[in-house]
Amino acid sequence: MKNPIFTKKEYEVFVGSKKTILAITVHNFKEISPISFSNLKKIVGDEIDIDELGHYYISEGMLNKFYENIKTKSDVEEVYISPDAPRVFISSTIENLKKERKLLKKTIEVDLRYHVYISEAGGSGSPAREYILKKLKSSDIYICIVGERYGSELEVDGNKISATEDEFNHAKKWNIPPLVYVKKVPKRDDKTDNFLAKIGDYLGGSLWQEFETPEELIKYAKSDIAELWKKKKGEIDNDATSDNTP
């Protein structure tokens, strides 16, 4: 491999305390640019060792591919999210709603500064069901996006259901406030229609929003999430006040 991201000497000069500034060479153009450790992992891979920063090298092709996937400098810069910020879990089929999931996650993190979990962020391969449900149980808000497909099925308690329906069932069981968004499509498979009927029975029509484009989804969800958390935060604060009342 060639074209180092930065040499050990450059690393010591520019970042004495191992922060985030890297010297990057692309087509003989040298740029000093801020980049987060998490984004460095996207370039180099998950095996990167923070103690060995400065010894990593990357091919020009890999680096250019990384830059093709980011549109603005803000995409590279790390967004600080407080550990105490609300946690949002996004549930849906993946491949046919990939664009919606990616944009919604980014919007919630950047604009609302909330934590977001989507299953494809769990590492290589498919995260285990137990891991996903653990993330769901620790979430404050559950978002379900329904498209035309029901999704791959897994066996749960003797029944075959999709991962999305499994997550919906657990969100309901754990009383995690739901927000449901249904994409307008020409036709859905039968199992998706049955799942929607089940969701409708549970929600009674509230917090259900149809959308056509990812931009519409973002618009509705951003407002709904903030409003739902405001309501839930008020309930939490009231409960805390009641508990402390002599």
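Is Glu-165 buried or exposed, and at what relative accessibility? At 11% relative accessibility Glu-165 counts as buried, where buried means under 20% relative accessible area, exposed over 50% and partly exposed in between, with a 1.4 Å probe and protein chains only.

The views below show a predicted model, in which local features need pLDDT of at least 70, side-chain atom pairs count only at pLDDT 80 or more, and totals for chains, interfaces and linings use all residues. Residues are numbered from 1 along each chain as its sequence is written, and side-chain values use heavy atoms, with hydrogens and water left out.

**View 1. Packing of helix α7 on helix α8.** Helix α7 (residues 163-173) and helix α8 (residues 190-203) pack at an angle of about 10° with their axes 11 Å apart, the axes being lines fitted to C-alpha atoms over the stretch in contact and the angles running from 0 to 180 degrees between N-to-C directions. That angle makes α7 roughly parallel to α8, a label for angles under 35 degrees. On the α7 side the contact (heavy atoms within 4.5 Å) is made by Thr-164, Glu-165, Phe-168, Asn-169 and Lys-172, and on the α8 side by Phe-195, Lys-198, Ile-199 and Tyr-202.

View 2. The salt bridge between Glu-165 and Lys-198. The closest N and O atoms of this salt bridge are 2.9 Å apart, the term requiring a side-chain nitrogen of Lys or Arg within 4 Å of a carboxyl oxygen of Asp or Glu. Glu-165 in helix α7 and Lys-198 in helix α8 are 33 residues apart, so the pair links distant parts of the chain. The salt bridge between Lys-222 and Asp-111. Among the 7 salt bridges that the structure holds, this one joins the side chains of Lys-222 and Asp-111 at 2.9 Å, N to O. Lys-222 lies in helix α9 (residues 214-243) and Asp-111 in helix α5 (residues 98-112), so the pair ties together parts that are 111 residues apart in sequence. Lys-222 is partly exposed at 33% relative accessibility, and Asp-111 is likewise partly exposed, at 43%.

**View 3. The salt bridge between Glu-153 and Lys-191.** The side chains of Glu-153 and Lys-191 meet at 2.8 Å, N to O. Because Glu-153 lies in strand β6 (residues 153-156) and Lys-191 in helix α8, the pair ties together parts that are 38 residues apart in sequence. Glu-153 has a relative accessible area of 36% and is partly exposed, while Lys-191, at 40%, also counts as partly exposed.

Terms used:
Helices (H or I, at least four residues) and strands (E, at least two) are DSSP runs, numbered from the N terminus. Angles under 35 degrees count as roughly parallel, over 145 as roughly antiparallel, 65 to 115 as roughly perpendicular and the rest as oblique.
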